[in-house]
Amino acid sequence: MNRVILLFALLLVAASVEADSLDRLVRKYKKVDGAVYAASIEELQKIGKIKITEKSGDKELDKFDSFVEKMRRKGVRRVRLLQLDECRAETKKAFAREAADAVPSAYEGLLRLGDDEGALSVYLQKCKGYLKILILMCGDDGCGFIEVESDNETLNSLLNF
């Protein structure tokens, strides 16, 4: 009986460590000067570079809410983003060293562009009924990650899931 409890406890700890790897990275870097963290589609507006407007006569109307609704209709379930573009170079280098180890093992590497100094990596995770995509950027120009959870049937079928 003690072995079963010990085995269950070890499995629980292993699962929590796996699920926590990107979260640990977020907790460490989201409060650094210049960092931007968005934990949902609605929070993407924090980035500042995303301006979705529509002209109506002389006025510009904010269309961010309709953008969020369109993403949801197209199958995007969740978005999480950490952007370190405005951070110091030392912060970006530290993030780059830690980022590859923070990718959960459930993700499969799909694409890697660049070298260690400026790499873009794309990872996929097949889940029951949906797909997760993780794009990891480590470089002077772009640094951070975006994780998108989607139940888009077209995307899933293109990737043979």
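Select strands S5 (residues 108-115) and S6 (residues 118-127): they pair in the antiparallel sense over seven bridges. Two strands count as paired if DSSP finds at least two bridges between them. Strands here are DSSP runs (E, at least two residues), helices are runs of H or I of at least four, and both are numbered from the N terminus. This is a predicted model, where local features need pLDDT of at least 70, side-chain atom pairs count only at pLDDT 80 or more, and totals for chains, interfaces and linings use all residues. Residues are numbered from 1 along each chain as its sequence is written, and side-chain values use heavy atoms, with hydrogens and water left out.

Stay on this pair. Pick leucine 113; its bridge partner in S6 is leucine 120. Of its eight residues, the number buried is zero, so S5 lies largely in the open.

Select leucine 82. Its contacts (heavy atoms within 4.5 Å) include Leu25, Tyr29, Val36, Phe95 and Phe145, leaving out residues up to four places away in sequence.

Which aromatic pairing does the structure hold? One pair: show tyrosine 29 and phenylalanine 95, whose ring centres are 5.5 Å apart with planes at 85 degrees, so the pair is edge-to-face. Rings of Phe, Tyr and Trp (its six-membered ring) pair if their centres lie within 6.5 Å; planes under 30 degrees apart count as stacked, over 60 as edge-to-face and the rest as tilted. Tyrosine 29 is in helix H1 and phenylalanine 95 in helix H3, so the pair ties together parts 66 residues apart in sequence. Tyrosine 29 is buried, at 3% relative accessible area; phenylalanine 95 is buried, at 0%.

Last stop: glutamine 83, in strand S4 (residues 76-83). Glutamine 83 counts as buried, at 15% relative accessibility.

Note on methods: Buried means under 20% relative accessible area, exposed over 50%, partly exposed in between (1.4 Å probe, protein chains only).
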